[in-house]
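Good morning, and thank you for making time for this presentation. I would ask you to keep the sequence and the model in view while I speak.

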Amino acid sequence: MSCFGNGSAVKLFYVREYGTMTADTISAVASGSTFADSGSGFISAGKFAVGHIIEVSGFTTAANNGTFKVATVVAGSMTVTDIYGNAVTLVDEAAGDTVTITQEGGIPANPELKPIRFVSEGLSPNINQIESNEINQARQRAPSRGGTYSVAGEIAAEVSFSSYDDLIEAAMQGAWAARGSLTASTISAAATDDSFNDSGNGFV
């Protein structure tokens, strides 16, 4: 997730970070463990970059679907490894199937900004200072230098129905399940034990 202010420090918005591509121009090439796109869409709008973890689905061959790591990428070609950088084995498969490639960690070109019901915040920047213990020829320690920058703190917000579904999904590392429904002519009611029964065994 990324958070943005509108300049007044009053309104905050968040956007889910992701990139996705769906096309029927994507093929798999066993040699070099490569996905090829005749539509040259892999890097348009900043979709994919080296190091991204991607989820591929839609190929007929199961070995070409799954989770991979981008090793190299240009507009029409992307080589992949497993998520640890080890070699993977793809199977030659021509384009034609509708293939979807999704990755977490990139802001789409036209993000859907969602408002945070902002109340207050306690965000503050942190700079990691790196220091050496070495004594130089002048019998002095080298000056410290700034390391990684980060921002930490809390954002207080009003809670309301469905306002933060994406944030809750991210925290739980999953997705909301669709609400279940069942329509059938095999369902009966029994007064003896206050139960509904389905002769089609469709409840679960």
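**Asp37 and its surroundings**

The side chain of Asp37 comes within 3.0 Å of the backbone nitrogen of Gly39. Its reach to the backbone nitrogen of Gly41 is 2.6 Å. Both are polar contacts, that is, pairs of N or O atoms within 3.5 Å; within protein, one must be able to donate a hydrogen and the other to accept it, and residues adjacent in sequence count only if both atoms are side-chain atoms.

Before I continue, please note that this is a predicted model, in which local features need pLDDT of at least 70 and side-chain atom pairs count only at pLDDT 80 or more, while totals for chains, interfaces and linings use all residues. Residues are numbered from 1 along each chain as its sequence is written, and side-chain values use heavy atoms, with hydrogens and water left out.

Asp37 belongs to strand S5, residues 34-37. Strands (E, at least two residues) and helices (H or I, at least four) are DSSP runs, numbered from the N terminus. Is Asp37 buried or exposed? Asp37 is buried, because its relative accessible area is 4%, and buried means under 20%, exposed over 50% and partly exposed in between (1.4 Å probe, protein chains only). Leaving aside residues up to four places away in sequence, Asp37 touches Met21, Thr25, Ile26, Phe42, Ala75 and Gly76; contact here means heavy atoms within 4.5 Å.

Strand S6 (residues 53-57) and strand S7 (residues 66-74) run antiparallel and are joined by four bridges; two strands pair if DSSP finds at least two bridges between them. In this pairing, Val56 stands opposite Gly66 of S7. S7 is also antiparallel to strand S8 (residues 77-81), with five bridges between them, and Lys69 lies opposite Thr81 in S8. The hairpin from S7 to S8 passes through two residues.

Tyr84 lies in the loop between S8 and strand S9 (99-104). Tyr84 is exposed, since its relative accessible area is 67%.

Finally, the chain as a whole. The protein chain has one helix and 16 strands, and buried residues make up 23% of its 204 residues. Of the contacts with a separation of 6 or more, 60% are between residues 24 or more positions apart.
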